[in-house]
Amino acid sequence: MFNPEKFRQAFPYFKQADAVVYLDNAATTLKPQALIDATVEFYQSAGSVHRSQYDEKQTALYEQARSKVRRLINAESEQAVIWTSGTTQAINTVANGLLPHLQVGDEIVISEADHHANFVTWHQIAQKCGAKLHILPILDNWLIDENALLACLNARTKLVALNVVSNVTGTQQPIAHFIQLIRQHSQALILLDAAQAISHIRLDMQQLDADFIAFSAHKIYGPNGLGVLAGKLTALEQLQPLQYGGKMVASASKQGIHFAELPYRLEAGTPNIAAVIGFNAVLNWLENEPFEAAEQYAVELAEQAKVRLKKYPNCRLFQSPQASSVLSFVFDGIACSDLATLLAEQNIALRTGVHCAMPYLARLGVSSTLRLSFAPYNTEQDLNLFFTALENALNLLE
Ligand SMILES: Cc1ncc(COP(=O)(O)O)c(C=O)c1O
């Protein structure tokens, strides 16, 4: 059974007198005490990881975090977990790592539903290597057009990089089905941008036949500056390292360099140890929470918000076809930024703007939206406070 009150108590933010009603969880989640304690403990200790005999304790925690990520996404022994600074760096690691293998005439597939981390990266890589970029359209229900995907797959398709859950509408793509289609009709490598998906759905690397998945720790109660690139060893081995330096070589001499095995080959330099050890504590804590029930609770709050927003005749909702804890909307005739400013003045934190997804917003036919995104620590009281503040703001603006 999910206990929202107990879950909320794990987050010290709510004990602060000036805590806002935080409804911007798709941007980043709040941090549990477990993360703060583990981070403080690390910074009160000495040393690094994988460097000396005396740093065994830190190294053990650091590698335990990797095992916990493996468990989170059900990775198997033929798959590796690489630490990055976030989803963006994970996608860039794949994109730049594949660059030497890409050439004029190759084809890359992305979609209108992508965050700039995926969209801009592959756009730039395609320009650099002269590959053709297919941008799959999204249908009126915000799902990627399956026919367009089928139509563009061929022997020259080298990579398909798709968003699993949208940060704008919360739409979940039928990604397992798309992967099947891609496998049937091409030899392409498949990358999943799971930045949003990681906190909403159970990703199973053994069932999803993707080559790479990317996500950020800060979207799932973890620290900033840490992300994961997980993937099949056979796919990761094809990547030219994004960075060169310490700990990523097996040997270096005047005669030549031999890279270390994965994951270390793609993790040059001193890593963000505090973040990894902090994330270990977060995953430890999270393992004792009922993932699906917690998500369901957040989705129900969002569903209530949708019902209440629909009562405003000038409110346009951009709803995903599935129930989701993320929703975007606009009030016709009112600038999103004006509304967001008046809401912020009343301690309501929600997101407004283009959500780093300009192609998606262009498809929605708007220049910005307001976005509510719920987490399991939100409450019905948060919802009521939001609607009281919204009512006040609309009274001032209309
Ligand atoms: C779908 C999606 N992809 C990628 C990113 C980029 O994540 P980060 O900025 O943590 O690298 C985000 C962040 O909002 C996102 O929502």
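Which of the 13 residues around the ligand come nearest? They are Thr88, Asp193, Gln196, Ser216 and Lys219. The legends below take this site and several others in turn.

This is a predicted model, in which local features need pLDDT of at least 70, side-chain atom pairs count only at pLDDT 80 or more, and totals for chains, interfaces and linings use all residues. Residues are numbered from 1 along each chain as its sequence is written, and side-chain values use heavy atoms, with hydrogens and water left out.

**View 1. The shell around the ligand.** The shell holds 2 nonpolar, 9 polar and 2 charged residues. Ala, Val, Leu, Ile, Met, Phe, Trp, Tyr, Cys and Pro count as nonpolar; Asp, Glu, Lys and Arg count as charged; the others, Gly among them, count as polar.

View 2. A polar contact is a pair of N or O atoms within 3.5 Å. In the side chain of glutamine 196, an N or O atom is 2.7 Å from an oxygen atom of the ligand. For the side chain of histidine 115, the distance from an N or O atom to a ligand oxygen is 3.4 Å. Threonine 87 uses its backbone: an N or O atom there lies 3.3 Å from an oxygen atom of the ligand. On its own, the ligand has 390 Å² of accessible area, and the protein covers 85% of this. Accessible areas come from the Shrake-Rupley method with a 1.4 Å probe.

**View 3. The largest pocket.** About 260 Å³ of space lies here. A pocket is an open set of points on a 1 Å grid over the protein atoms alone, where a 1.4 Å probe fits, with protein on both sides within 12 Å along at least five of seven lines; lining residues have an atom within 4 Å of a point. The volume is the space filled by probe spheres set on the points, which are joined across faces, edges and corners. The lining has 16 residues, and Trp83, Thr84, Gln89, Gln243 and Ala268 are the closest to the centre. β2 (79-84) and α4 (87-98) are the elements that give two or more residues. Helices (H or I, at least four residues) and strands (E, at least two) are DSSP runs, numbered from the N terminus. By class, the lining has 6 nonpolar, 9 polar and 1 charged.

**View 4. The second largest pocket.** The volume is about 190 Å³. Of its 13 lining residues, Ala19, Val20, Val21, Asp382 and Leu385 lie nearest the centre. β1 (21-22) and α14 (380-397) each supply at least two. The largest share, 3 residues, comes from α14. The lining divides into 7 nonpolar, 4 polar and 2 charged residues.

View 5. Strands β9 (residues 249-253) and β10 (residues 256-259) run antiparallel, joined by 4 bridges. Two strands pair if DSSP finds at least two bridges between them. Serine 253 has glycine 256 in β10 as its bridge partner. The hairpin has 2 residues between its strands.

**View 6. Backbone details in two loops.** Leucine 262 and proline 263 are joined by a cis peptide bond, with omega about 5°. Proline 263 lies in the loop between β10 and α10 (273-286). Histidine 355 has a positive phi, near 55°. Its loop runs between β14 (351-353) and α13 (358-364). Most residues other than glycine have a negative phi, and most peptide bonds are trans.

Definitions and conventions
Near = heavy atom within 4 Å. Polar contact = N/O pair within 3.5 Å; in protein donor to acceptor, adjacent residues only side chain to side chain.
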